[in-house]
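Here is a short tour of a protein model, written for someone who likes to look at the details. Have the viewer open and follow along.

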Amino acid sequence: MSTDTQEALEPIASRSWRFLPWFVLGVLALAVFELFAHPLLAASVFCLKFAVNDFRTAHWLWWRDPNRWRARACGLLFVAVGFWKAAVVNFGIFAAAIVYTLLSGEPAWPQRDPNAPAADFLEDPITPWAAPTVFAHVLEYFLGGVALTIAYSTHRKLWFSPRIAMSRKLDLWPPKDDRGVNWLGWFPALSAAAVPALIWAIGAVCLTLIAPPPRVNAKEWELMLPLLCCFGFMLTLPVPLLSACVQDKRNRYMLAQSPEECWGTT
């Protein structure tokens, strides 16, 4: 095969791979829905698509970086952020399901009889979605903490930007970022944290102003606002917390000012 033909086929292969995660996770989400008949749980599986790019970058950094401790710190950081992105999308779907239920009167997930007493944790219809979501949040906090601990103990500075994926695709080392924006800085981090905060605000306003429809279990619906606030807090907190930790000058300033400062030395 000629070089020109190979170059022409590479964009086609790239586009094919781009749609493969959507297909695989879509099929898996459909299987979960058929098995559990719970749309929110199926949506949680599909939300992992929004973390795939960061997971692939983390894998590339883990094996491409010649400095093993830096590879572990940066790789785990990208994995943690990937889980956070998927969780934000999942949280948005949860808030949208609440708003849909309030406005349409049709429950967006399985409900127990409206007159039934409040269920315990194992019987609650929201548990199949809430339990794995909480686990994902705990994993996200843990991985982010491990990444910070490695960077602190090995005196490494950190850089996070989705545009590092371009270096991964070109296998360009050290990684480059033509925009030069480290999302661990205050302004970008607070901008990201505003997304789950806004989702929480929309859901909380609707829950406060609109009465629950008659087809939902009133006792269980009373838990929706505390649950929404809990997940909103869990998603908003880690972003400014991570930014504050990497900029704590009393301990060690770990915020890289450029990709070169993070990966420019071995």
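## A term to start with

A residue is called exposed when its relative accessible area is over 50%, buried when it is under 20%, and partly exposed in between. Please keep in mind that this is a predicted model.

Let's begin with H155, which sits in the loop between helix 5 (127–153) and helix 6. Its relative accessible area is 58%, and H155 is therefore exposed. The backbone is of interest here too: the phi of H155 is near 60°, a positive value in a residue other than glycine.

You will find D171 in the loop between helix 6 and helix 7. With a relative accessibility of 43%, D171 counts as partly exposed, because values between 20% and 50% fall into that class.

The loop between helix 6 (164–170) and helix 7 (186–209) also holds P174. Look at the peptide bond that joins W173 and P174: it is cis, with omega at about 0°.

## A nonpolar patch on the surface

Now turn to the surface, where L20, F23, V24 and V27 form a nonpolar patch. Together these four residues have about 370 Å² of accessible area.

One of them, V27, belongs to helix 1, which covers residues 3–36. V27 has a relative accessible area of 45%, so it is partly exposed.

How many cavities of 30 Å³ or more does the structure hold? There is 1. The largest cavity has a volume of about 70 Å³. Such empty space shows up when a probe the size of a water molecule is rolled over the atoms.

Which residues line the largest cavity? They are W109, P110, Q111, D124, P125, I126, N217, E220, W221 and M224. Sorted by class, the lining has 6 nonpolar, 2 polar and 2 charged residues.

## A cysteine in helix 9

Last stop: C229, which lies in helix 9 (residues 224–236). If you are wondering about its accessibility, C229 has a relative accessible area of 30% and is therefore partly exposed.

Terms used
Residues numbered from 1 in each chain as written. Predicted model: local features only at pLDDT ≥ 70, side-chain atom pairs only at ≥ 80, totals over all residues. Heavy atoms only, no water. Patch = residues over 30% accessible without salt bridge, like charges linked within 9 Å, V, L, I, M, F, W, Y side chains within 5 Å. Areas by Shrake-Rupley, 256 points an atom, 1.4 Å probe, with all protein chains shown as cover. Salt bridge = Lys/Arg side-chain N within 4 Å of Asp/Glu carboxyl O. Helix = DSSP H or I, 4+ residues; strand = E, 2+ residues; numbered from the N terminus. Buried < 20%, exposed > 50% of the residue type's maximum accessible area, 1.4 Å probe, protein only. 1 Å grid on protein atoms, 1.4 Å probe; cavity = no way out; pocket = protein on both sides within 12 Å on 5 of 7 lines; lining within 4 Å. Points joined across faces, edges and corners; volume = space filled by probe spheres on them. Nonpolar A, V, L, I, M, F, W, Y, C, P; charged D, E, K, R; others polar.
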